[in-house]
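Please open the structure and follow along.

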Amino acid sequence: MKNLKKCISLILCNLLFFFTFNAKVFATEYHIGSGQPVGGIYYDTLQEFLNAGVLLTGDSVILYQDDKSIIASGGFPISGLEDIILKSSTTKMTVSSSTVKGRIFKVNNNSVVTIDSIIFSSASVDSNDPDGVVFYINQSSVNFNNSEFLYNNGMRYGGVFYIEGSSVTFSGASLFEGNKAGSGGNGGAIYSGGGTNPSSTQKSSILFSSVTFRNNSALLSGGAVSISIANSSLNFTDFTLFEGNKSLTSGGGAIYAGSGLKVDFIDVIFKNNVSVNTGGAMYLSGSNTNITGEALFEGNIKYKYNYYGWRRRSIFSKWNDCFFYCNIQK
(Lines give C-alpha, C1' and ligand atoms only; values in the text may rest on other atoms or scores of the structure.)
Protein backbone atom coordinates (compact mmCIF):
# COMPACT_ATOMS: atom_id res chain seq x y z
CA MET A 1 0.00 0.00 0.00
CA LYS A 2 2.86 2.39 0.85
CA ASN A 3 4.46 1.71 -2.51
CA LEU A 4 1.13 2.39 -4.26
CA LYS A 5 0.73 5.72 -2.48
CA LYS A 6 4.30 6.69 -3.38
CA CYS A 7 3.67 5.72 -6.96
CA ILE A 8 0.46 7.81 -7.14
CA SER A 9 2.19 10.75 -5.47
CA LEU A 10 5.08 10.55 -7.95
CA ILE A 11 2.68 10.46 -10.91
CA LEU A 12 0.79 13.50 -9.61
CA CYS A 13 4.02 15.43 -9.11
CA ASN A 14 5.17 14.61 -12.61
CA LEU A 15 1.82 15.70 -14.05
CA LEU A 16 1.97 18.97 -12.13
CA PHE A 17 5.51 19.60 -13.38
CA PHE A 18 4.48 18.80 -16.96
CA PHE A 19 1.47 21.11 -17.00
CA THR A 20 3.34 23.91 -15.25
CA PHE A 21 6.39 24.00 -17.52
CA ASN A 22 4.70 23.03 -20.75
CA ALA A 23 1.69 25.34 -20.67
CA LYS A 24 2.49 26.64 -24.14
CA VAL A 25 1.91 23.16 -25.58
CA PHE A 26 -1.75 23.61 -24.71
CA ALA A 27 -2.01 27.28 -25.76
CA THR A 28 -5.13 28.08 -27.76
CA GLU A 29 -5.69 30.32 -30.77
CA TYR A 30 -8.95 32.25 -30.73
CA HIS A 31 -10.26 33.82 -33.93
CA ILE A 32 -12.39 36.97 -33.72
CA GLY A 33 -14.71 38.17 -36.49
CA SER A 34 -15.70 36.83 -39.89
CA GLY A 35 -13.31 35.04 -42.26
CA GLN A 36 -11.76 32.69 -39.69
CA PRO A 37 -10.22 29.43 -40.86
CA VAL A 38 -12.54 26.42 -40.87
CA GLY A 39 -12.35 24.47 -37.63
CA GLY A 40 -10.90 27.23 -35.50
CA ILE A 41 -12.25 28.37 -32.14
CA TYR A 42 -13.99 31.60 -32.98
CA TYR A 43 -16.12 34.40 -31.58
CA ASP A 44 -17.97 37.14 -33.42
CA THR A 45 -16.57 40.01 -31.31
CA LEU A 46 -13.97 40.75 -28.65
CA GLN A 47 -16.75 41.46 -26.16
CA GLU A 48 -18.26 38.03 -26.81
CA PHE A 49 -14.83 36.49 -26.30
CA LEU A 50 -14.41 38.45 -23.06
CA ASN A 51 -17.80 37.28 -21.80
CA ALA A 52 -16.74 33.66 -22.35
CA GLY A 53 -13.88 34.06 -19.84
CA VAL A 54 -11.64 31.54 -21.59
CA LEU A 55 -8.33 33.49 -21.95
CA LEU A 56 -5.40 31.66 -20.32
CA THR A 57 -1.61 31.97 -20.22
CA GLY A 58 -0.04 31.32 -23.62
CA ASP A 59 -3.19 32.00 -25.66
CA SER A 60 -3.32 33.99 -28.91
CA VAL A 61 -6.19 36.18 -30.11
CA ILE A 62 -6.34 36.87 -33.85
CA LEU A 63 -8.57 39.58 -35.36
CA TYR A 64 -10.15 39.01 -38.77
CA GLN A 65 -12.21 42.20 -38.88
CA ASP A 66 -12.45 45.62 -37.23
CA ASP A 67 -13.97 45.51 -33.75
CA LYS A 68 -15.68 48.18 -31.64
CA SER A 69 -17.57 45.95 -29.24
CA ILE A 70 -15.77 46.48 -25.93
CA ILE A 71 -18.18 47.79 -23.30
CA ALA A 72 -16.65 46.26 -20.15
CA SER A 73 -16.30 48.67 -17.26
CA GLY A 74 -12.60 49.49 -16.88
CA GLY A 75 -11.67 47.74 -20.14
CA PHE A 76 -10.97 44.21 -21.35
CA PRO A 77 -8.97 42.74 -18.42
CA ILE A 78 -5.71 40.83 -18.87
CA SER A 79 -4.60 40.03 -15.34
CA GLY A 80 -1.85 37.67 -14.17
CA LEU A 81 -1.47 36.03 -17.59
CA GLU A 82 1.80 35.46 -19.45
CA ASP A 83 2.65 35.13 -23.15
CA ILE A 84 -0.64 36.56 -24.41
CA ILE A 85 -0.62 37.57 -28.08
CA LEU A 86 -3.15 39.89 -29.74
CA LYS A 87 -2.64 40.42 -33.47
CA SER A 88 -4.29 41.04 -36.83
CA SER A 89 -4.68 38.16 -39.23
CA THR A 90 -3.14 39.79 -42.33
CA THR A 91 -3.71 43.52 -42.85
CA LYS A 92 -4.04 45.77 -39.80
CA MET A 93 -7.42 45.58 -38.09
CA THR A 94 -8.91 48.46 -36.08
CA VAL A 95 -10.08 48.19 -32.46
CA SER A 96 -12.07 51.00 -30.86
CA SER A 97 -14.48 51.33 -27.96
CA SER A 98 -18.20 50.97 -28.49
CA THR A 99 -20.64 53.87 -28.50
CA VAL A 100 -20.39 53.63 -24.70
CA LYS A 101 -17.36 55.64 -23.54
CA GLY A 102 -14.75 53.67 -21.65
CA ARG A 103 -11.27 52.20 -21.65
CA ILE A 104 -10.48 49.36 -24.09
CA PHE A 105 -7.82 47.25 -22.27
CA LYS A 106 -6.53 46.95 -18.71
CA VAL A 107 -3.31 44.93 -18.26
CA ASN A 108 -2.04 44.30 -14.74
CA ASN A 109 -0.80 41.82 -12.12
CA ASN A 110 2.49 40.79 -13.82
CA SER A 111 0.96 40.01 -17.19
CA VAL A 112 3.15 39.59 -20.29
CA VAL A 113 1.49 40.66 -23.54
CA THR A 114 2.46 41.21 -27.18
CA ILE A 115 0.35 43.40 -29.49
CA ASP A 116 1.13 43.14 -33.21
CA SER A 117 -0.17 45.12 -36.21
CA ILE A 118 -3.39 46.55 -34.74
CA ILE A 119 -4.89 50.04 -35.07
CA PHE A 120 -6.51 51.52 -31.95
CA SER A 121 -8.71 54.41 -32.99
CA SER A 122 -11.31 56.94 -31.84
CA ALA A 123 -11.74 55.71 -28.28
CA SER A 124 -12.81 58.11 -25.53
CA VAL A 125 -13.25 57.89 -21.77
CA ASP A 126 -15.60 59.28 -19.17
CA SER A 127 -15.16 60.20 -15.52
CA ASN A 128 -15.28 56.50 -14.54
CA ASP A 129 -12.15 55.69 -16.60
CA PRO A 130 -10.38 59.05 -17.02
CA ASP A 131 -6.81 57.68 -17.40
CA GLY A 132 -5.40 55.69 -20.30
CA VAL A 133 -8.22 55.57 -22.82
CA VAL A 134 -6.83 52.60 -24.77
CA PHE A 135 -4.44 50.86 -22.35
CA TYR A 136 -4.08 51.03 -18.58
CA ILE A 137 -0.88 49.08 -17.79
CA ASN A 138 0.24 48.37 -14.23
CA GLN A 139 3.06 46.06 -13.07
CA SER A 140 3.25 44.21 -16.37
CA SER A 141 5.37 43.82 -19.52
CA VAL A 142 3.83 44.75 -22.87
CA ASN A 143 5.39 44.90 -26.34
CA PHE A 144 3.77 46.74 -29.25
CA ASN A 145 4.93 46.15 -32.81
CA ASN A 146 3.80 47.94 -35.98
CA SER A 147 0.70 49.31 -34.26
CA GLU A 148 -1.15 52.62 -34.62
CA PHE A 149 -2.95 54.82 -32.10
CA LEU A 150 -5.17 57.36 -33.83
CA TYR A 151 -7.47 60.15 -32.59
CA ASN A 152 -8.14 58.83 -29.10
CA ASN A 153 -9.37 61.24 -26.41
CA GLY A 154 -8.45 60.93 -22.74
CA MET A 155 -9.54 63.15 -19.87
CA ARG A 156 -6.68 63.21 -17.39
CA TYR A 157 -3.51 61.09 -17.45
CA GLY A 158 -2.63 59.71 -20.89
CA GLY A 159 -4.60 60.25 -24.07
CA VAL A 160 -3.82 56.65 -25.07
CA PHE A 161 -1.70 55.01 -22.34
CA TYR A 162 -1.47 55.13 -18.57
CA ILE A 163 1.66 53.20 -17.51
CA GLU A 164 2.80 52.53 -13.95
CA GLY A 165 5.45 50.11 -12.68
CA SER A 166 5.80 48.40 -16.04
CA SER A 167 8.14 47.63 -18.93
CA VAL A 168 6.70 48.72 -22.29
CA THR A 169 8.25 48.65 -25.77
CA PHE A 170 7.02 50.30 -28.98
CA SER A 171 8.75 49.30 -32.24
CA GLY A 172 8.25 48.48 -35.91
CA ALA A 173 7.14 51.89 -37.20
CA SER A 174 4.38 52.35 -34.62
CA LEU A 175 2.41 55.60 -34.95
CA PHE A 176 0.67 57.95 -32.49
CA GLU A 177 -1.40 60.60 -34.26
CA GLY A 178 -4.07 63.08 -33.18
CA ASN A 179 -4.47 61.81 -29.62
CA LYS A 180 -5.49 64.17 -26.80
CA ALA A 181 -5.32 64.37 -23.01
CA GLY A 182 -8.08 66.84 -22.17
CA SER A 183 -9.21 68.42 -18.92
CA GLY A 184 -6.41 68.05 -16.39
CA GLY A 185 -4.49 66.19 -19.11
CA ASN A 186 -0.82 65.18 -19.06
CA GLY A 187 0.72 63.17 -21.89
CA GLY A 188 -1.31 63.53 -25.07
CA ALA A 189 -0.35 60.00 -26.10
CA ILE A 190 1.44 58.46 -23.09
CA TYR A 191 1.52 59.19 -19.39
CA SER A 192 3.73 57.26 -16.98
CA GLY A 193 3.62 58.15 -13.31
CA GLY A 194 1.59 57.98 -10.16
CA GLY A 195 -1.42 59.87 -11.49
CA THR A 196 -3.68 60.64 -8.56
CA ASN A 197 -1.14 58.93 -6.25
CA PRO A 198 1.91 61.24 -6.52
CA SER A 199 3.74 59.32 -3.78
CA SER A 200 3.86 56.18 -5.94
CA THR A 201 7.33 54.68 -6.44
CA GLN A 202 6.41 52.16 -9.16
CA LYS A 203 9.06 53.01 -11.74
CA SER A 204 8.65 52.13 -15.41
CA SER A 205 10.94 51.48 -18.37
CA ILE A 206 9.67 52.56 -21.79
CA LEU A 207 11.47 52.06 -25.11
CA PHE A 208 10.54 53.70 -28.43
CA SER A 209 12.20 52.45 -31.62
CA SER A 210 11.27 53.98 -35.00
CA VAL A 211 8.08 55.48 -33.58
CA THR A 212 6.28 58.57 -34.90
CA PHE A 213 4.36 61.01 -32.67
CA ARG A 214 2.37 63.46 -34.79
CA ASN A 215 -0.16 66.15 -33.80
CA ASN A 216 -0.85 64.88 -30.28
CA SER A 217 -1.78 67.38 -27.55
CA ALA A 218 -2.13 67.73 -23.79
CA LEU A 219 -3.90 70.47 -21.90
CA LEU A 220 -1.04 70.44 -19.37
CA SER A 221 2.43 68.88 -19.78
CA GLY A 222 3.91 66.66 -22.47
CA GLY A 223 2.08 67.06 -25.78
CA ALA A 224 3.08 63.50 -26.69
CA VAL A 225 4.78 61.94 -23.64
CA SER A 226 4.76 62.81 -19.94
CA ILE A 227 6.66 60.78 -17.32
CA SER A 228 7.12 61.69 -13.69
CA ILE A 229 8.17 58.83 -11.35
CA ALA A 230 11.80 58.95 -10.20
CA ASN A 231 14.18 56.21 -11.38
CA SER A 232 12.01 55.49 -14.40
CA SER A 233 13.66 55.45 -17.83
CA LEU A 234 12.76 56.62 -21.32
CA ASN A 235 14.67 55.44 -24.40
CA PHE A 236 14.10 56.91 -27.89
CA THR A 237 16.04 55.30 -30.76
CA ASP A 238 16.18 54.72 -34.53
CA PHE A 239 14.96 58.14 -35.68
CA THR A 240 11.88 58.35 -33.55
CA LEU A 241 10.03 61.45 -34.78
CA PHE A 242 8.06 64.09 -32.83
CA GLU A 243 6.18 66.41 -35.16
CA GLY A 244 3.45 68.97 -34.49
CA ASN A 245 2.75 68.00 -30.87
CA LYS A 246 1.43 70.63 -28.42
CA SER A 247 1.43 71.37 -24.72
CA LEU A 248 -1.42 73.85 -24.38
CA THR A 249 -0.87 75.40 -20.94
CA SER A 250 2.29 73.92 -19.40
CA GLY A 251 5.72 72.58 -20.48
CA GLY A 252 7.14 70.26 -23.10
CA GLY A 253 5.57 70.51 -26.54
CA ALA A 254 6.59 66.91 -27.24
CA ILE A 255 8.06 65.53 -23.98
CA TYR A 256 7.85 66.32 -20.29
CA ALA A 257 10.26 64.40 -18.02
CA GLY A 258 10.24 64.98 -14.27
CA SER A 259 13.13 64.84 -11.84
CA GLY A 260 15.23 61.77 -11.10
CA LEU A 261 14.62 60.09 -14.47
CA LYS A 262 17.00 58.64 -17.04
CA VAL A 263 16.28 59.78 -20.60
CA ASP A 264 18.29 58.51 -23.59
CA PHE A 265 17.97 59.76 -27.17
CA ILE A 266 19.71 57.98 -30.06
CA ASP A 267 18.96 59.55 -33.45
CA VAL A 268 15.76 61.54 -32.86
CA ILE A 269 13.91 64.33 -34.68
CA PHE A 270 11.79 67.16 -33.19
CA LYS A 271 9.90 69.28 -35.75
CA ASN A 272 7.28 71.99 -35.31
CA ASN A 273 6.29 71.12 -31.75
CA VAL A 274 4.69 73.86 -29.62
CA SER A 275 4.59 74.69 -25.92
CA VAL A 276 2.57 77.64 -24.66
CA ASN A 277 4.81 77.74 -21.60
CA THR A 278 8.33 76.20 -21.56
CA GLY A 279 10.28 73.87 -23.83
CA GLY A 280 8.89 73.89 -27.36
CA ALA A 281 10.29 70.38 -27.89
CA MET A 282 11.13 69.10 -24.38
CA TYR A 283 10.85 70.07 -20.74
CA LEU A 284 13.46 68.07 -18.83
CA SER A 285 13.23 68.80 -15.12
CA GLY A 286 16.21 67.33 -13.29
CA SER A 287 16.52 64.25 -15.48
CA ASN A 288 19.80 62.53 -16.36
CA THR A 289 19.72 62.94 -20.13
CA ASN A 290 21.96 61.54 -22.89
CA ILE A 291 21.75 62.42 -26.58
CA THR A 292 23.88 60.26 -28.87
CA GLY A 293 23.87 59.76 -32.60
CA GLU A 294 22.12 62.72 -34.24
CA ALA A 295 19.29 64.89 -32.91
CA LEU A 296 17.46 67.43 -35.07
CA PHE A 297 15.42 70.30 -33.57
CA GLU A 298 13.57 72.23 -36.27
CA GLY A 299 10.74 74.75 -36.12
CA ASN A 300 9.82 74.16 -32.49
CA ILE A 301 7.98 77.07 -30.81
CA LYS A 302 7.47 78.25 -27.25
CA TYR A 303 5.58 81.31 -26.14
CA LYS A 304 7.12 82.12 -22.74
CA TYR A 305 10.49 82.27 -21.05
CA ASN A 306 13.77 81.58 -22.77
CA TYR A 307 13.90 77.98 -23.92
CA TYR A 308 12.48 77.31 -27.35
CA GLY A 309 14.22 74.00 -28.10
CA TRP A 310 14.23 72.53 -24.62
CA ARG A 311 13.90 73.69 -21.07
CA ARG A 312 16.47 71.79 -19.10
CA ARG A 313 17.29 71.67 -15.44
CA SER A 314 18.99 68.38 -16.14
CA ILE A 315 22.36 66.66 -16.20
CA PHE A 316 23.41 66.21 -19.83
CA SER A 317 26.07 63.50 -19.84
CA LYS A 318 26.20 63.65 -23.66
CA TRP A 319 24.58 65.90 -26.21
CA ASN A 320 26.79 65.86 -29.26
CA ASP A 321 25.60 66.22 -32.86
CA CYS A 322 22.49 68.27 -32.04
CA PHE A 323 21.24 70.45 -34.89
CA PHE A 324 18.93 73.44 -34.36
CA TYR A 325 17.07 75.13 -37.23
CA CYS A 326 14.44 77.89 -37.10
CA ASN A 327 13.26 77.28 -33.52
CA ILE A 328 11.20 80.25 -32.35
CA GLN A 329 10.50 82.11 -29.12
CA LYS A 330 7.39 84.29 -29.13
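**Charge over a ring.** I began with K106, which lies over the face of Y136 at 5.4 Å from the ring centre. My rule asks for NZ of Lys or CZ of Arg within 6 Å of the ring centre and within 35 degrees of the ring normal.

**Ground rules.** The model is predicted, so I asked for pLDDT of at least 70 for local features and 80 or more for side-chain atom pairs, while totals for chains, interfaces and linings use all residues. Residues are numbered from 1 along each chain as its sequence is written, and side-chain values use heavy atoms, with hydrogens and water left out.

**Confidence.** I looked up pLDDT, the predictor's confidence in each residue from 0 to 100. The protein chain has a mean of 82, and 78% of its residues reach 70 or more. Residues 12-25 fall below 50, and beyond near neighbours in sequence this stretch has four contacts in the model; a contact means heavy atoms within 4.5 Å. Residues 305-319 also stay under 50, yet the model has 59 contacts for them beyond four places in sequence.

**Overall make-up.** I found two helices and 36 strands in the protein chain, taken as DSSP runs numbered from the N terminus (helices H or I, at least four residues; strands E, at least two). Of its 330 residues, 52% are buried. Here buried means under 20% relative accessible area, exposed over 50%, and partly exposed in between, with a 1.4 Å probe and protein chains only. Among contacts in the chain with a separation of 6 or more, 82% join residues 24 or more positions apart.

**Aromatic pairs.** I paired rings of Phe, Tyr and Trp (its six-membered ring) with centres within 6.5 Å, calling planes under 30 degrees apart stacked, over 60 edge-to-face and the rest tilted. The count comes to 34 pairs. Why is the pair of F135 and F161 stacked? The ring centres are 5.4 Å apart and the planes are at 10°, so the pair meets the rule. F135 belongs to strand β11 (residues 135-138) and F161 to strand β15 (residues 161-164), 26 residues apart, so to speak a link between distant parts of the chain. F135 is buried at 1% relative accessible area, and F161 is buried at 0%.

**Cavity.** I searched the whole structure and found one cavity of 30 Å³ or more. A cavity is a set of points on a 1 Å grid over the protein atoms alone where a 1.4 Å probe fits but cannot get out, and lining residues have an atom within 4 Å of a point. Points are joined across faces, edges and corners, and the volume is the space filled by probe spheres set on them. The largest cavity holds about 60 Å³. Its lining is L46, F49, L55, V61, F76, I78, I84, L86 and F105, with α2 (46-52), β5 (76-79) and β6 (84-88) each supplying at least two of the residues.

**Three serines.** S117, in the loop between β9 (112-116) and β10 (118-121), has a positive phi of about 55° and is buried at 14% relative accessibility. S122, in the loop between β10 and β11, has a positive phi of about 60° but is partly exposed at 48%. Most residues other than glycine have a negative phi. S174 sits in the loop between β16 (167-171) and β17 (175-177) and is buried at 1%. Its contacts beyond four places in sequence include F144, N146 and S210.

Terms used. 1 Å grid on protein atoms, 1.4 Å probe; cavity = no way out; pocket = protein on both sides within 12 Å on 5 of 7 lines; lining within 4 Å.
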